Amino acid sequence: MQKGSAALVPTNDCRPTDFYVRNGELICSWHTASGSYSAIRLFRMRTSDRTVLTDETYGSTGTFYYYPAVTVDSVGTIFLGFDRSSSTEYPSSYATGKRRGDATLQSSVLLKAGVSATAHSRWGDYTGIDNDAAASGPGGSTAWYTGQYTKGTNTFGAWASPLTFTYGQVAGSVSNDCDGSAGTTSDRTPLAGHLVTLKQGATTVATT
């Protein structure tokens, strides 16, 4: 279904795009039937014993979701891009994701809006996603997603967008304060090799 045309967008089949295995977990996504519409299926599995960790359907009645591409960073943050259309929307590029602690995928954001309907015989050949190691670090993680949209009548476009999640950081140094006074700083010397423990109440969150 798409705005401006009674013809469906030709998604053809639902074979998944590239999958990733990271930190002992396999992650992949594909589009699948959801009632009279199509939705995104997100799947994660632990490779050591094939335990299913995530089997989530993402979509909404009245809208077709198709050709997703998914990746995951080193701390378990998921980036998911996809195309979608409906009777009120031309084929457009969207993205969503979830931090490791999120129960479900977050609300999606529009990356590039389509401007017309399409009658192409194929769709989804130019979608993909991957992490950007140069733009990732302790303060956040970035992936680049290329999705498709209609840039003209029967003319598709590929739109590349950076997707970023930021992380909270606690940082600092350990110093020996000779006089024990916070008001003077000239008497402080840095100390190496000391264990620092981060606590939330009585619970240890991390050590370094």
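## Strand pairing and the open sheet

In this predicted model, strand β6, which covers residues 78-86, is joined by 8 bridges to strand β7, which covers residues 89-98, and the two run antiparallel. Within this pairing, G81 stands opposite A95 in β7.

Both strands belong to an open sheet of 4 strands, whose order is β5-β6-β7-β8 and whose pairing is antiparallel. At the edges of this sheet lie β5 (63-72) and β8 (109-112), each of which pairs on one side only. From one strand to the next, the twist averages 30 degrees.

## The largest pocket

The largest pocket of the model has a volume of about 310 Å³, and its lining is made up of V170, A171, G172, S173, V174, V196, T197, L198, V205, A206, T207 and T208. The elements that give two or more residues to this lining are β14 (197-200) and β15 (203-207), and β15 gives the most, with 3 residues.

Sorted by class, the residues lining the largest pocket comprise 7 nonpolar and 5 polar ones, with no charged residues.

## Cysteines and disulfides

The structure holds 0 disulfides. A disulfide is a covalent bond between the sulfur atoms of two cysteines.

C178, by contrast, counts as exposed because its relative accessible area is 59%, which lies over the 50% cut-off.

Methods:
Residues are numbered from 1 along each chain as its sequence is written. This is a predicted model: local features need pLDDT of at least 70, side-chain atom pairs count only at pLDDT 80 or more; totals for chains, interfaces and linings use all residues. Side-chain values use heavy atoms; hydrogens and water are left out. A disulfide is a pair of cysteine sulfur atoms within 2.5 Å. Buried means under 20% relative accessible area, exposed over 50%, partly exposed in between (1.4 Å probe, protein chains only). Two strands pair if DSSP finds at least two bridges between them. Axes are lines fitted to C-alpha atoms, for helices over the stretch in contact, and angles run from 0 to 180 degrees between N-to-C directions. On a 1 Å grid over the protein atoms alone, a cavity is a set of points where a 1.4 Å probe fits but cannot get out, and a pocket is an open set with protein on both sides within 12 Å along at least five of seven lines; lining residues have an atom within 4 Å of a point. Grid points are joined across faces, edges and corners, and a volume is the space filled by probe spheres set on the points. Ala, Val, Leu, Ile, Met, Phe, Trp, Tyr, Cys and Pro count as nonpolar, Asp, Glu, Lys and Arg as charged, and the others, Gly among them, as polar.
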